[in-house]
Amino acid sequence: MWIRIAVALSVLIPALLVDATRPIWQTFLLALAGFGGGRLIEMGARGTPKRVPLLLAGVLAAASGLAAVFALAPGRSEGRGDARPRAAGASGVDAGPPVAPPRQRPGSWTAVSVDSKGACGVRDDATAWCWESGSTLGNGSSHGEEHTTDEPVRVATLHDVRAVSIGGGVACALDGIDAWCWGWNYNGAVGVPSTGSYDHRTKPERVPIDATITAVSAGSRHACALDADGGVWCWGSNSVGQVGAASQGDRDVRGPTRVADLPPVRAIDVGRDASCAITRDARLFCWGDLALHGSAGVASFGPVTLMDVAAPTSIAVGDSQACVATEKGPVTCWGWWAQPKGDRDFRRMRQHPELVGAKAVAVGTNHACALTASGEARCWGANYQGQLGDGTRTESQTAVEPFDLPRFEQIAVDELESCGISERALWCWGHVEPPPWLGRP
């Protein structure tokens with residue numbers, strides 16, 4: 001047994017030293033390779049009839065695991081979200097076909113929201129449309145056959161839509177004065193009581209809030225809404241306090257609950273496991289996973305103010321980082337993807353001095369974009385699908401300027417794509433075709 005453990009540790013220890021934040025499935029496979037190799041070596045050493053082949057096979061398995069440690073290291077992996085940023089200012093190029101130029105989606109649009117599992121937008125006739133993800137099309141289809149194309153599908157029953165937000169398996173819209181949500185409801189993320197682990201709402205459900213709603217934001221397993229009095233209501237998974245419920249015992253909040261201890265709020269945004277709000281007196285409050293990637297000891301089950309941010313104007317929360325734009329200062333980010341490789345203080349605020357006075361900011365899985373005061377887009381982070389929009393696959397830790405694009409009023413980003421609205425024209429760049437795992441028509 002000790003041989004197996006020793007060989008497994010000889011693979012795992014370098015793996016953790018090279019990148020302690022690699023996905024758990026990679027760590028498991030590396031441990032399995034080391035443990036299996038150790039078992040073969042152990043069998044060969046005990047004098048079985050095929051001693052030499054077993055010894056060789058064991059050494060080969062252990063060596064393969066060790067080689068995988070470095071093959072899957074940051075900057076080498078081309079998987080979805082596996083790469084980590086290099087040191088500040090460094091860049092790398094991912095091999096692949098030429099990057100497609102930005103394209104304009106047909107139609108006249110007033111709002112857009114994109115996520116790694118799909119996208120939704122609002123047209124100028126106040127109707128909501130979604131594409132790419134069958135789970136959040138909202139058209140009543142239980143199987144989402146339309147998800148094999150990127151043609152927009154109209155969301156059923158909504159007729160006065162002013163805003164839309166998509167996050168993972170749930171989407172929400174502001175229709176009139178009410179919040180409506182649809183998609184997977186097993187955590188109560190749609191805002192109504194769940195009927196079980198396979199509860200999928202194919203049409204919008206009204207979130208029962210007795211107030212006039214002015215904004216809504218959806219995360220992957222929870223959502224929040226803002227009312228006209230500045231109150232914030234949240235519902236869904238509360239595993240790390242992202243709903244703002246007072247105790248850790250409230251794992252799932254299956255109906256809207258007003259977040260306590262918040263001054264009147266004027267803007268909200270939620271990500272995978274965190275929620276943030278900008279108050280009317282220009283303070284930033286957040287709750288949930290404050291380090292934005294499951295770091296121990298930083299979960300908050302109630303709003304806390306972030307004192308290092310002065311006069312915030314726009315907040316964006318993603319899966320593994322959050323960014324805030326300020327009135328006169330630089331865009332400031334924190335979280336797992338916001339820090340250079342090797343910096344494990346995920347709560348450290350990292351400033352972007354090249355982006356001072358930005359009017360809006362948007363965060364994806366591992367890249368982000370901001371709009372300058374004049375509406376010009378600037379993006380930074382991962383770029384393996386051309387999501388920074390500069391015509392390359394070169395990642396950048398400082399903001400770059402996308403090419404051949406107009407000035408925007410809104411901007412939205414997901415894992416592989418960035419989109420903006422300019423004079424009701426919807427432009428997207430990066431992975432603008434349906435991802436291969438969604439299939440083709």
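Biologist: In this predicted model, is Glu205 buried, partly exposed or exposed, and what is its relative accessibility?

Modeller: Buried residues lie under 20% relative accessible area and exposed ones over 50%. Glu205 falls in the class in between, partly exposed, because its relative accessibility is 27%.

Biologist: With which residue does Glu205 form a salt bridge?

Modeller: The closest N and O atoms of this salt bridge are 3.1 Å apart. Glu205 forms its salt bridge with Arg201.

Biologist: Which aspartate side chain meets Arg201 in a salt bridge, and at what N to O distance?

Modeller: The salt bridge joins the side chains of Arg201 and Asp199, and the N to O distance is 2.7 Å.

Biologist: How many residues apart in sequence are the parts tied together by Asp124 and Arg424?

Modeller: The side chains of Asp124 and Arg424 meet in a salt bridge of 3.8 Å, N to O. Asp124 lies in the loop between β3 (118-123) and β4 (128-131), and Arg424 in the loop between β27 (417-422) and β28 (425-430), so the pair ties together parts whose separation in sequence is 300 residues.

Biologist: Are Asp124 and Arg424 buried, partly exposed or exposed?

Modeller: The relative accessible area of Asp124 is 42%, and the relative accessibility of Arg424 is 45%. A residue is exposed over 50% and buried under 20%. Therefore Asp124 and Arg424 both count as partly exposed.

Biologist: How many salt bridges does a search of the whole structure find, and which residues are linked in a network?

Modeller: The search of the whole structure finds 11 salt bridges. The residues linked in a network of salt bridges are Glu376, Arg378, Glu401 and Arg407.

Biologist: Where does Asp273 lie, and which side chain does its own side chain join in a polar contact of 2.5 Å?

Modeller: Asp273 lies in the loop between β14 (265-270) and β15 (274-279). Asp273 is buried because its relative accessible area is 17%, and the cut-off is 20%. Leaving aside neighbours within four places in sequence, the contacts of Asp273 include Ser239, Val240 and Asp289. The polar contact of 2.5 Å joins its side chain to that of Arg221.

Biologist: Which residues make the nonpolar surface patch, and what is its area?

Modeller: One member, Tyr186, lies in the loop between β8 (178-184) and β9 (200-206). Tyr186 is partly exposed, at 38% relative accessibility. The patch is made by Trp184, Tyr186 and Tyr198, and its area is about 380 Å².

Definitions and conventions: Residues numbered from 1 in each chain as written. Predicted model: local features only at pLDDT ≥ 70, side-chain atom pairs only at ≥ 80, totals over all residues. Heavy atoms only, no water. Helix = DSSP H or I, 4+ residues; strand = E, 2+ residues; numbered from the N terminus. Buried < 20%, exposed > 50% of the residue type's maximum accessible area, 1.4 Å probe, protein only. Polar contact = N/O pair within 3.5 Å; in protein donor to acceptor, adjacent residues only side chain to side chain. Contact = heavy atoms within 4.5 Å. Patch = residues over 30% accessible without salt bridge, like charges linked within 9 Å, V, L, I, M, F, W, Y side chains within 5 Å. Areas by Shrake-Rupley, 256 points an atom, 1.4 Å probe, with all protein chains shown as cover. Salt bridge = Lys/Arg side-chain N within 4 Å of Asp/Glu carboxyl O.
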